[in-house]
Amino acid sequence: MKKRLRPLLLAAASLTVTVAASACGPANEAAVSAKPTVAGAEPSTGSPLSPQASASSPAASPAPASSRLTPARTTSTPPPKQAIVEHTAAPRTRAAWPRVTFARLTFEIPPGWTLTKYGSDACVQPAYRAGLPTTFGCAGIAIKSGSIAGNELRLYEARQPGGWYAATDVQPCPVRPTLADGSFNGITSGTSSPPVESGLRPVGSRKAAYDRWTAACTSGYRFSPQAWHLPVSRVLFLDYTGHAETARMLESVRFPG
């Protein structure tokens, strides 16, 4: 009887140990297999895989280079080049000026100007000349012909000191002949000084003897008389204070014959 009871007791003890081991197994495995989460890591969007699947599944291996997505290349088409068009300015045509005659010469005068003759002398000046600089009664360009008076009424010659000053007394200043205090504002220097510039300058199709002087008034006003002398034609052009119209007028001179 004692020999039969020992196998039964051993079997019951073995059954008790097995049940106890199976009850404690799952709790211990969960504690060991749990992995800490890395701070800031983004969670996976796929389903969780077992360690065996992640090691052997093809989905876990990197995709071949041929199957990787590459960003589409965008090519910008340059804008069409605009044709370069060169615009050639049309030549300007000068408006015609009136043409007059004096001392057998013909020449243009500016519109609104007049030619006034005084025997063998003349003056080309604006018709309205109030307030304009005026020298020897001419507010524009003086023209002398024949026997021409030069410095202090002596016969005019090229390069003559004070050749522009055909007077023996003190002439009024081209501007403001009377000062604010009522005193006379006269030409005080340059009336007998040599030219500061001399040479040959064109008048029409010929060359003239050119001279330029400097002068000043009591008020301090300064000016530069200029002269173009044509000794063969016996004509002298005088611009006392400088006018923009003088160059074109001299260019337009036409000689007889």
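Contact here means heavy atoms within 4.5 Å. Keep in mind as you click that this is a predicted model.

**Stop one: Q160.** Select Q160, which sits in the loop between β5 (141-145) and β6 (187-189). Is Q160 buried or exposed? Its relative accessibility is 9%, and the cut-off for buried is under 20%, so Q160 counts as buried. Now show what is around it: leaving out residues up to four places away in sequence, Q160 touches G150, N151, R154, L155, P195 and W213. Pick L155 from that set and look at its backbone oxygen, which the side chain of Q160 reaches at 3.1 Å.

**Stop two: the largest pocket.** Then colour the strands: β4 (121-126) and β5 each supply at least two residues of the lining. Colouring by class instead, you get 10 nonpolar, 2 polar and 2 charged residues in the lining of the largest pocket.

**Stop three: the aromatic rings.** Stay with F136 for a moment, but show its ring. The model has 9 aromatic pairs. In one of them, the rings of F136 and Y165 have their centres 5.7 Å apart and their planes at 65°, so the pair is edge-to-face. What parts of the chain does this pair link? Distant ones: F136 lies in the loop between β4 and β5, Y165 lies in the loop between β5 and β6, and the two are 29 residues apart.

Compare how the partners sit. F136 counts as partly exposed, at 31% relative accessibility, whereas Y165 is buried, with a relative accessible area of 3%.

**Last stop: the cluster.** Which residues complete the picture? Select F136, W164, Y165, Y221, F223 and Y240 together, and you have one aromatic cluster on screen.

Terms used
Residues numbered from 1 in each chain as written. Predicted model: local features only at pLDDT ≥ 70, side-chain atom pairs only at ≥ 80, totals over all residues. Heavy atoms only, no water. Helix = DSSP H or I, 4+ residues; strand = E, 2+ residues; numbered from the N terminus. Buried < 20%, exposed > 50% of the residue type's maximum accessible area, 1.4 Å probe, protein only. Polar contact = N/O pair within 3.5 Å; in protein donor to acceptor, adjacent residues only side chain to side chain. Nonpolar A, V, L, I, M, F, W, Y, C, P; charged D, E, K, R; others polar. Phe/Tyr/Trp six-rings, centres within 6.5 Å; stacked < 30°, edge-to-face > 60°.
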